[in-house]
Amino acid sequence: MAGYISLLQCWIYEHFPSVHRSVVDDGYAEASPRACRWLTCKAHMTGIKGAPYRTRIDALTVTDVCWMSYAEHWGVRGYDLISSYMGQVRWGPIIVYLRPERVVRQMGYILTVPPPSVRDSLTCTDIDDRWVQFSDHVAPTGELCVVPGQVAPDYMEWFFQISHPFVTSTEDTVELRPTPPPPTHDDDFVEPPIAEVPVASDPPTHSVDGKDC
């Protein structure tokens, strides 16, 4: 896992409020970025540790997930069509691929089976041009949800085929490894004999002065 982990932490707070007891920043203003709402430092991470996390995650149902956690924030910062842009974006040499069609439930739309991933070999100029013409590359939204978190009839069948929706405990089935013997005390340690290996008198040519590297 790479990237700015605090953003993922705030995303979990927003969408899974029953998993962890999060702490809201008293100084948060609605005009600020949504992630600023939460205190993510270790000093504020009190609550669930270890096994209770597993218990709460296993007990999650559709009704425990906040699918449209940002809906109440739209009055302050409205939803912009550019947020539905689908394709590559870049910041300098860093290029990432946006797939908003996979999270349309957060926008209030029914989630359908997404198309296969496409990795276009675009130049930086092409990426910039598509971003400027973003309205031609937005994700299709489809129908509005009747109930929160609604998916298309064939979605779950597809999801079970490509994902691992169940976490199976192996604690009762895994054989315990034997405990290694304690390390030998320094005073009693005897260095084992080391076999002598003949070394060529002339080193290989590719290692001399780096001429052939």
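These notebook entries record what I looked up in a predicted model of one protein chain.

**Entry 1: the chain as a whole**

I began with the secondary structure and found four helices and two strands. Read from the N terminus, the elements follow the order α-α-β-β-α-α. I then looked up burial: of the 213 residues, 18% count as buried. The accessible surface of the chain is about 16,700 Å², and carbon and sulfur atoms hold 60% of that area. For contacts with a separation of 6 or more, I noted that 66% join residues 24 or more positions apart.

I next turned to glutamine 88, which belongs to strand S1.

Proline 93 sits in the loop that runs between strand S1 (87-91) and strand S2 (94-98). I recorded proline 93 as exposed because its relative accessibility is 78%, and exposed means over 50%. I also looked up cysteine 124, which is 31 residues from proline 93 along the chain; the C-alpha atoms of the two are 8.6 Å apart.

**Entry 2: salt bridges**

How many salt bridges does a search of the whole structure find? I counted five. One of them pairs the side chains of arginine 37 and glutamate 14, at 3.9 Å from N to O. Glutamate 14 is in helix H1 (5-15), while arginine 37 is in the loop between helix H1 and helix H2 (51-58), so this pair ties together parts that lie 23 residues apart in sequence. Both arginine 37 and glutamate 14 are buried.

I then examined arginine 34 and glutamate 30, whose salt bridge has its closest N and O atoms 3.9 Å apart. Arginine 34 is buried, with a relative accessible area of 10%, whereas glutamate 30 is partly exposed at 37%. Through shared partners, salt bridges link Glu14, Glu30, Arg34 and Arg37 into one network.

Glutamate 101 and arginine 99 form a further salt bridge, with 2.2 Å from N to O. I noted both glutamate 101 and arginine 99 as buried.

**Entry 3: a pocket**

Finally, I looked up the second largest pocket, which holds about 730 Å³ of space. I found 21 residues in its lining, with Arg34, Tyr70, Trp74, Ser83 and Gln106 nearest its centre. By class, the lining of this pocket comprises 12 nonpolar, five polar and four charged residues.

Note on methods
Residues are numbered from 1 along each chain as its sequence is written. This is a predicted model: local features need pLDDT of at least 70, side-chain atom pairs count only at pLDDT 80 or more; totals for chains, interfaces and linings use all residues. Side-chain values use heavy atoms; hydrogens and water are left out. On a 1 Å grid over the protein atoms alone, a cavity is a set of points where a 1.4 Å probe fits but cannot get out, and a pocket is an open set with protein on both sides within 12 Å along at least five of seven lines; lining residues have an atom within 4 Å of a point. Grid points are joined across faces, edges and corners, and a volume is the space filled by probe spheres set on the points. Ala, Val, Leu, Ile, Met, Phe, Trp, Tyr, Cys and Pro count as nonpolar, Asp, Glu, Lys and Arg as charged, and the others, Gly among them, as polar. Buried means under 20% relative accessible area, exposed over 50%, partly exposed in between (1.4 Å probe, protein chains only). Contact means heavy atoms within 4.5 Å. Accessible areas come from the Shrake-Rupley method with a 1.4 Å probe; for residues, only the protein chains shown count as cover. A salt bridge is a side-chain nitrogen of Lys or Arg within 4 Å of a carboxyl oxygen of Asp or Glu.
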